[in-house]
Amino acid sequence: MSVPEQTETRSASLGSRIKGIFTPKTNAEKGLVWAIGVLAVLLVVIFLAVSWYWSEEPDKFDVLEVAAKHGNVKNPKELPLGYTYTSALVQIGETLLHKPGGLLVNDVFPPGVLLDNIPAWEYGALTALRDATTALRNHLARAQTQSREDPDLARAEPFFYFDHKSWQLPSSESEYQKGIDALERYRVRLMKRDANFYSRADNLRQYLEVLEKRLGDLSNRLSASAGDTRQVTGNDQRNVVSRTPWLLIDDVFFEARGYTWAAMHILKAIEFDFRDILGNKTALVTLQQVTHELEDGQADFLSPVILNGGGFGLFANYSLTLANYIARANAATIDLRSLLQQG
């Protein structure tokens with residue numbers, strides 16, 4: 001037998017042995033292999049279905065309807081000022097903790113640990129919640145800089161700044177729930193007229209200044225998905241905004257979606273609780289423009305992945321589209337703050 005023939009015979013023999021390992025010889029073996037295969041396929045299907053369900057972004061909610069329900073009134077105008085704003089914060093916190101899958105950003109087991117889009121969304125919404133709670137504690141609930149801070153708000157704010165990735169004791173969920181509970185106590189006291197909320201222009205400007213910076217930062221980071229941005233000064237010094245890495249584009253996108261989702265609801269609550277001051281300063285239309293831009297940025301997208309097309313190419317660039325909405329909202333926020341300052 002020639003060498004090529006010997007090699008071919010050995011290969012065929014090795015192939016037969018490998019095939020024999022994976023080919024059941026008895027009915028009992030066939031049943032076991034079939035059962036293991038079906039179980040494996042079933043587990044994969046369940047895993048993918050749960051991952052898809054948990055990856056759905058939460059729906060919008062009506063801030064006035066939520067406030068009226070908790071205040072047990074039919075007309076939201078019967079509620080004290082600040083009740084709608086506080087109810088919006090509570091609802092945002094409850095959504096983070098009780099949406100499908102709960103809080104995923106601190107998960108250490110699958111499928112949560114393998115997901116990154118919704119955890120990025122959660123971080124964006126949490127940042128907006130932190131900003132609004134800080135504004136409530138430091139500005140909206142104080143008559144002036146020397147005023148004593150509200151005790152429930154002083155307890156609530158630090159809890160929301162707890163590490164969002166903590167899964168050990170205490171967990172992020174337990175700390176955030178304590179913050180929500182403190183906000184609810186403040187809301188109850190508002191209803192009893194035992195707590196303060198000052199819907200003044202200077203207080204609102206303080207929050208809008210923070211919102212303006214957040215929106216500017218998100219717009220800049222989203223725009224960086226399209227490439228390096230260079231600004232040349234007179235001394236030929238270059239300010240370079242590095243391009244967002246390809247694997248992080250979807251994280252920035254969903255973080256921006258989460259922040260704008262929460263900020264949209266907060267601004268709708270502000271529109272109601274600050275209705276008198278906004279109407280007097282003809283700033284209501286400008287505030288509504290900010291809200292509409294953020295709401296338009298929440299539109300559904302068709303692709304299962306975040307597209308990152310460039311220039312006038314075949315594919316869209318989702319990051320640039322969202323950056324455009326946020327940039328317009330940011331510009332309107334600047335106009336609104338200017339209107340409130342002019343008086």
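Q: How do the residues lining the largest pocket divide into nonpolar, polar and charged?
A: The lining of the largest pocket has 16 nonpolar, four polar and nine charged residues. Ala, Val, Leu, Ile, Met, Phe, Trp, Tyr, Cys and Pro count as nonpolar, Asp, Glu, Lys and Arg as charged, and the others, Gly among them, as polar. This is a predicted model, where local features need pLDDT of at least 70 and side-chain atom pairs count only at pLDDT 80 or more, while totals for chains, interfaces and linings use all residues. Residues are numbered from 1 along each chain as its sequence is written, and side-chain values use heavy atoms, with hydrogens and water left out.

Q: What volume does the largest pocket have?
A: About 920 Å³. The volume is the space filled by probe spheres set on the grid points, which are joined across faces, edges and corners. A pocket is an open set of points on a 1 Å grid over the protein atoms alone, where a 1.4 Å probe fits and there is protein on both sides within 12 Å along at least five of seven lines; lining residues have an atom within 4 Å of a point.

Q: Which residues lie nearest the centre of the largest pocket?
A: Ser55, Glu57, Phe254, Phe301 and Pro304, out of 29 lining residues. Helix 5 and helix 9 are the elements that give two or more residues to that lining, and helix 9 gives the most, with five. Helices here are DSSP runs (H or I, at least four residues), numbered from the N terminus.

Q: And the second largest pocket, what lines that?
A: Val105, Leu115, Asp116, Pro119, Ala120, Tyr123, His164, Lys165, Asp251 and Glu255. Again helix 5 and helix 9 are the elements that give two or more residues; the largest share, three residues, comes from helix 5. The second largest pocket has a volume of about 190 Å³, and its lining divides into five nonpolar, one polar and four charged residues.

Q: What does threonine 134 touch?
A: His139, Glu157 and Tyr161, not counting residues up to four places away in sequence; contact means heavy atoms within 4.5 Å. The threonine 134 side chain also reaches the backbone oxygen of arginine 130, at 2.9 Å.

Q: On to helix 7. What span should its 20 residues have?
A: They should span 28 Å at 1.5 Å a residue, and the end C-alpha atoms are 29 Å apart, so the two agree. The expected span is 1.5 Å times one less than the number of residues.

Q: Which elements do the buried residues of helix 7 pack against?
A: Helix 3, helix 4, helix 5 and helix 6. Among those buried residues are Glu175, Arg187 and Arg189, along with Tyr176, Ile180 and Leu183.

Q: What follows helix 7?
A: Arginine 193, with a positive phi near 60 degrees. Arginine 193 is in the loop between helix 7 and helix 8 and counts as exposed because its relative accessibility is 56%. Asparagine 72 also has a positive phi, about 55 degrees, although it is not a glycine. Asparagine 72 lies in the loop between helix 3 and helix 4 and, at 70% relative accessibility, counts as exposed.

Q: Where are the cis peptide bonds?
A: One runs from proline 110 to proline 111, with omega near 0 degrees, and proline 111 is in the loop between helix 4 and helix 5. Another joins leucine 169 and proline 170, with omega about -5 degrees; proline 170 is in the loop between helix 6 and helix 7.

Q: Last one, helix 12. What covers its buried residues?
A: The cover includes helix 8, helix 9, helix 10 and helix 11. The buried residues of helix 12 include Tyr318, Leu322, Ile326, Asn330 and Leu336.

Q: What happens at the start of helix 12?
A: A side-chain oxygen of asparagine 317 reaches to within 3.1 Å of the backbone nitrogen of serine 319.

Definitions and conventions
Polar contact = N/O pair within 3.5 Å; in protein donor to acceptor, adjacent residues only side chain to side chain. Buried < 20%, exposed > 50% of the residue type's maximum accessible area, 1.4 Å probe, protein only.
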